[in-house]
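Work through the exercises below with the sequence and structure in view. Each task is followed by its solution.

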Amino acid sequence: MIKLEKVSKKFGIGPHALSNISISVDKGEFVFLVGPTGSGKTTIFRLIIREMLPTEGSIVVDEWDIINLPKKKIPHLRKKIGVVFQDLKLLTDRTIFENVALPLEVINIKPDEARKRVEEVLSSVGILEHKDKFPLQLSGGELQRTAIARALILSPDILLADEPTGNLDDDTSWEIIKLLSAINEKGTTILMATHNSDIVKKLGKRVVSLDKGLLVGDAKGKHPEKEEEKK
Amino acid sequence: MKFFKTAWHNIRRSPYQALAAILVMTLTFLVVSFFTFLIVGSSKVINFFESKPQVTAFFKDEAKQENINALEDQLNSTGKVASMKFVSKEDALRIYRQQNKNDPLLLDLVTADILPASLEIATVKIGDLSSISDMLKRSSIVQEVVFQKDIVSTLINWTTAARRIGLGIIGVLSLVSVFIIVTIIGIKISQKRDDIEIMRLIGASSWYVRWPFLFEGMFYAVVGAIIAWLIASAALVYATPVLSAFLKGIPVFPIPLIFFLGLLGAELLLAIFLGFLSSFLAVLRYLK
């Protein structure tokens, strides 16, 4: 589903943001990307959605060869991948409903159909009652749910979640994780970048560890605790 | 429809920028309208003179009637004269009074003595005007010959100059309008940089992002053109009585409705072109 092979990324004359990374994610997997700030988690997400190109290596997402993807095909790729951005990237002058409806607007779905779909998704993430509010009126957890709802609105095959529990308290973080797990159980492949080791340990999913742009671990889901012990 | 809605949303967000863009477009199209009136009007005047081959000979005060009659016979004998009309000093005074009946001051100052008698000669062909004119100039009783070829060539010179100046001014104003709209759309794009980035990241195509800005530029130009057309047309209709009196005898007025509609159509096309060009340049410059 997602295959990064010997991928390196260098920004300007600085050190490598990613060095010789090879990761393969199968359809329906839930993978945690862990590592300290600056380890390259977000860079991997940005490469997968072709926000930038790697300096070296190849990336294949589903049937898309990301490196050789023509520019005009990039919007098609991005419609297939839902992204929960670290900074959420919600439009503050639009309501929650309008923010979530934005991807549908982009693909020109009829308003009635869009309304139905948005309400379904908002309901599934538990914030339907906030649909007419603006982002500034919502809590951190509710905003995360809004970002997840927007990422899910086009029923993507892949969901990339960049630190979706970053600024949340434990209870809210767990609610978000449960939501993502439920989405994964329905067949969506999920890559989630996080710092939260508690969540990673308890969930028992595959963990890909990065440090200073290097791949330092790739622990399969069933024994995440053992992998931690080895370290 | 969605793009129009987004464009309208953008316009309402910054009314002063919208006003500036519309005003500069209005100014440009006002100049376009007025120069169109001038050029079309002067063309009609020229056509009128060209279609009436005529020479007017003004006689000296001492010219005797028998000399004038002799000159008339001499002209008739050429076979080039289609019609001839003698206007005596009294006739000239009557015409003058008729033309200035609303201005008593001008009527008081002028008597038949100071107006010359004249002979208006229409030729069969426009090419005969020169030879008739030469014949009149050689006559000892003729003070001055007004030859419409001179009037026409003077008018053509003036019209050509006006057309060049007009086109120059329109060109400069169009450039100014384009630059102002490029700047305004550029500011709008900068203000919406985050929104644009988000839209792109969720899969919006380049054209999806561009269209609202292109519509916005076209909206400013079209609104400016309509306002300018309304002002210029109203001004022309308002000035029609004065201009009709000034161009007495020349069939320029009333101006047909189709002319105004044609002008509106042409201005709208130009506006769409200028608006699209400006916003497209802005989009190319600021939405890489």
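**Exercise 1.** Find what share of the contacts in chain A with a separation of 6 or more comes from residues 24 or more positions apart.

Solution. Contacts are residue pairs whose C-beta atoms, placed from the backbone, lie within 7 Å. Of those in chain A with a separation of 6 or more, 66% join residues 24 or more positions apart.

The model is predicted: local features need pLDDT of at least 70, side-chain atom pairs count only at pLDDT 80 or more, and totals for chains, interfaces and linings use all residues. Residues are numbered from 1 along each chain as its sequence is written, while chains are lettered from A and ligands numbered from 1 in the order in which they are written.

**Exercise 2.** Describe the open sheet of 4 strands in chain A.

Solution. Step one: strands (E, at least two residues) and helices (H or I, at least four) are DSSP runs, numbered from the N terminus. Two strands pair if DSSP finds at least two bridges between them. Step two: the strand order is 2-1-4-5, with antiparallel pairing. Step three: strand 2 (16-25) and strand 5 (64-65) of chain A are the edges, each pairing on one side only. Step four: strand 1 (residues 2-10) and strand 4 (residues 56-61) of chain A are joined by 5 bridges, and Ile2(A) stands opposite Val61(A) in strand 4.

**Exercise 3.** Which residues does Leu33(A) touch, not counting residues up to four places away in sequence?

Solution. The partners are Lys41(A), Ile44(A), Leu191(A), Met192(A), Ala193(A), Val208(A) and Leu210(A).

Methods: Two residues are in contact if their C-beta atoms, placed from the backbone, lie within 7 Å.
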